[in-house]
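Please look at the sequence and the 3D structure together, and keep both in view while you read the report that follows.

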Amino acid sequence: MQPLRYTLLTFALAAACAGSWAQTSAQTPQNSPKSAAAQLAEPKVEKLAVAADPLKKAVLIGRAAAGDMIFQLELEGSEPMWMQMGNPPTWDAHQPAADERYHVELKLTDPKSKTRIPYANINFAATNKETGKTITLPLPPMWGSSGLHYSANSALLGDGTYAATVTVDAPTFQRELKDKDLWSKPVSAKFHFKLAGGKLTEVSQASR
C-alpha cells in the first residue's frame, strides 16, 4: 500500500503544479509589451470637411494625454535642417531627399507647467492599413519657430489609412525628489490619419 500512496501523492502534486502553471501562463500575456501596446486607447476618427494639404500648412494629426504628458502630433511639408552629420560629426545643412515629402513633428508638453519636455528619445511608427507596410522613424529633438519639438522628414508610405504609435522613453534629466516617479517609464499614444492624393482627409479627434 505504501508505493500506491506515493504514486497517488505524485499525481496530486503534478496536478497542482499543472494548475499553477496554467494560471501563470494565462496571466503572462497581460503583462507582455505586446499586450500593453494593445491596451492603448484607440483614437477616434475625425473626417475633415475639406482635405488639408500638409505641404502648404501644418496639419494637426491628433492630441492625446498619456503618462502625465500631452502628445501633439502634426504633419507638414519637409524642410531643410541644420544638424550634425558625418563622423566625426560636423554642423551642416541637411536637405530633404527627393522623396521625403513630409515632416513628422511631435510637441511633447507637461500639462501642469505648460512646458515642452526635453531630453527624451521618441519613436514614431505607422502602418499603412491598405498595404500592410510599416515605417519606423526616430524623432530627434529640434528647435524651430514653434519652439522645442521632436521631428524628422519622411516619405511615409503613400496614400492610405494609417495607424500610428508614438513612444516616448523616460526623459534623462534630473528631477526633484518629490517628482522621482514622474515620467519614469516609457509611454505611448496611438493616432489615426488618412492620406488621399497626398492630402489629409481623416485625423484623430483631439482628446484635450
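The count comes to one cavity of 30 Å³ or more, where a cavity is a set of points, on a 1 Å grid over the protein atoms alone, at which a 1.4 Å probe fits but cannot get out. This is a predicted model, in which local features need pLDDT of at least 70 and side-chain atom pairs count only at pLDDT 80 or more, while totals for chains, interfaces and linings use all residues. Residues are numbered from 1 along each chain as its sequence is written, and side-chain values use heavy atoms, with hydrogens and water left out.

Rolling a probe the size of a water molecule over the atoms shows where empty space is left. The largest cavity holds about 40 Å³ of space, a volume being the space filled by probe spheres set on grid points that are joined across faces, edges and corners. Its lining, made of residues with an atom within 4 Å of a point, consists of Ile 61, Leu 73, Glu 74, Leu 75, Val 104, Phe 124, Leu 156 and Phe 193. By class, seven of the lining residues are nonpolar, none is polar and one is charged; here Ala, Val, Leu, Ile, Met, Phe, Trp, Tyr, Cys and Pro count as nonpolar, Asp, Glu, Lys and Arg as charged, and the others, Gly among them, as polar. Strand 3 (residues 69-77) gives the most to this lining, with three residues, and strands (E, at least two residues) are DSSP runs numbered from the N terminus, as are helices (H or I, at least four).

Gln 72 also has its place in strand 3, and Asn 153 is found in strand 11 (residues 147-154). Gln 72 counts as buried because its relative accessible area is 18%, and Asn 153 is buried with 7%, the term meaning under 20% relative accessible area (1.4 Å probe, protein chains only). The table lists polar contacts, which are pairs of N or O atoms within 3.5 Å; within protein, one must be able to donate a hydrogen and the other to accept it, and residues adjacent in sequence count only if both atoms are side-chain atoms.

| Side chain | Partner | Distance |
|---|---|---|
| Gln 72 | Glu 74, side chain | 2.6 Å |
| Asn 153 | His 103, side chain | 2.7 Å |

Leaving aside neighbours up to four places away in sequence, Gln 72 touches Leu 60, Gly 62, Arg 63, Glu 105, Leu 106 and Lys 107, where contact means heavy atoms within 4.5 Å. With neighbours within four places again set aside, the contacts of Asn 153 include Ser 78, Met 81, Pro 96 and Leu 137.

Notes:
1 Å grid on protein atoms, 1.4 Å probe; cavity = no way out; pocket = protein on both sides within 12 Å on 5 of 7 lines; lining within 4 Å. Buried < 20%, exposed > 50% of the residue type's maximum accessible area, 1.4 Å probe, protein only.
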